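Hello,

Here is the structure I promised to pass on. Please look it over, then read my notes below.

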Amino acid sequence: MVFGEPPDGGWGWVIVVVSFFTQFLCYGSPMAVGVLYLEWLDAFGEGKGKTAWVGSLANGIGLLASPVCSVCVSSLGARPVAIFSGFMVAGGLMMSSFAPNIYFLYVSYGIVVGLGCGLLYTATVTITCQYFDKHRGLALGLISTGSSVGLFIYAALQRELIELYGLDGCLLIVGALSLNILACGSLMRPLESSSSPPPEKMCVDKAPDQYFVYHEKEKTVEENISILENGYIDEKCVNNVPDCKQDSILNKNVLSSVNINEKDTYKKKVVERTNFCKQLAKRKWQLYLTYWKETVVLFKNKVFLALFVAILLFDIGGFPPSLLMEDVARSANISEDDYYMPLISIIGIMTTVGKLILGILADFKWVNSLYLYVTTLLMTGVALFAIPFAKSYPTLAILSGVLGFLTGNWSIFPYVTTKTVGIEKLTHAYGVLMFFAGLGNSLGPPIVGWFYDWTQEYNTAFYFSGFCVLLGGFLLLLAALPCWNACTNQSSTLPPNTYSYKVASDA
């Protein structure tokens, strides 16, 4: 479907508001799952690594399933997907209140809620991009803060609900609140399509006319077979297939085997559709081959390869604090009376601030967004190394704020990806990177939890996390520096689509 001109306002601002609340409602509980994590540890008595899988799946499964989410939104539209996903999130949360064991939570909270969040994220981003062009960056920035504000509010809300109604009552109430996603989804009115038919649709419509050629009253069987044969041969020759002649001969033999005097309409249509399906299958296969070839080409770019390693290691090491910081405070024997605000809430509000400030910095021409991103990685690694030395609430609160602010580097990650591979390959490259980011989100908390189970303290776990993030930052820095220094001499000899970061960043 081809949509009309983005209005950059009007109903688009309603879309921004409902998308903000959609992300607020769906990501609030999964992002603040650290509060529930403590209760699940006490309720089921499982190890920290095994219990951490619940929160890590809820936050990582949506990124892992991003290709499926994109297909669903593209095929069905943002409004139906948002409404259906609202039922998924609410149902998963309510089902979790009846969980008899941790394995049930893997499915109800980890997979069902996580997949619903992934679908909602894709739906909100897609429909926002359809309504905005000139102010797209502002609109996306506003809706992306919904998850961070949700983390800030839900951390305190879930703690209060647990004290008043217990863990089961908390999950039921939070699930009921998530039903408001249905109201938000119903307001995601699709942008009216343009009057002119899209080229892709025309091509799809043209194909059946070429191959579905049988018309009972207008043409004889011989005429239909002749048209089918010519259309099949022309298609092969137009696409410059080397075995064009062989295929044409083979096609003639197949078609000649059809009984010309046969009057059975069903058999003739089966022959026609079979040939069309063969052509369609060959086209799809070529698309898959092209996709994997382009993926291989992306990984030949050493900066993209380093970026892929960096985002994977960053999510393995940098994501666990948002899930485990409350348990870190409890392990340090910090009294609840010393709590002025949940540590997860501090992470949430500072993530919002970080997204805004880092996004503004990335827009300045004198700021290199790749080096800015590397700086956030290195500072995150240092902050993770400092967590074992924090033994009081004020120091943990400061470190939580620093980590939250640096986690706001998600707002500049699309900038870095664009400057690395170019705008024409952004969608493909970003999808690949988000898949591995989801893998890091899923693996990070369980790994840190396993370290605790083995050593009975968090020090080794956060040393490991800090090492992962620092390693990713240094690899990305080393991969970028040679290109930065040599781009002046090589830019004139670079072939098309070859990486040159300085040229891209100056553009």
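This is a predicted model: local features need pLDDT of at least 70, side-chain atom pairs count only at pLDDT 80 or more; totals for chains, interfaces and linings use all residues.

On the α2 side, the contact is made by Val33, Leu36, Trp40 and Phe44. On the α6 side, Ile102, Leu105 and Tyr109 make it. By class, this contact has seven nonpolar residues, no polar ones and no charged ones.

Now the core. The largest nonpolar core has 117 residues. Leu36, Tyr109, Tyr373, Tyr458 and Leu476 have the most contacts inside it. At least three of its residues come from domain 1 (1-193), and at least three from domain 2 (274-484).

What does Leu36 touch, leaving aside neighbours within four places in sequence? Its contacts are Ser29, Tyr109, Gln158, Ile162, Leu167, Cys170 and Leu171.

Last, Asn441. This residue is found in helix α19 (residues 426-455). Is Asn441 buried or exposed? The cut-off for buried is under 20% relative accessible area. Asn441 has 7% relative accessibility, so Asn441 counts as buried. Not counting residues up to four places away in sequence, Asn441 touches Ser56, Asn59, Gly60, Leu63, Asp315 and Phe319.

Best wishes

Terms used: Residues are numbered from 1 along each chain as its sequence is written. Side-chain values use heavy atoms; hydrogens and water are left out. A nonpolar core is a set of buried Ala, Val, Leu, Ile, Met, Phe, Trp, Tyr and Cys residues joined through side-chain atoms within 4.5 Å. Buried means under 20% relative accessible area, exposed over 50%, partly exposed in between (1.4 Å probe, protein chains only). Domain bounds come from an automatic or database domain assignment. Contact means heavy atoms within 4.5 Å. Helices (H or I, at least four residues) and strands (E, at least two) are DSSP runs, numbered from the N terminus. Ala, Val, Leu, Ile, Met, Phe, Trp, Tyr, Cys and Pro count as nonpolar, Asp, Glu, Lys and Arg as charged, and the others, Gly among them, as polar.
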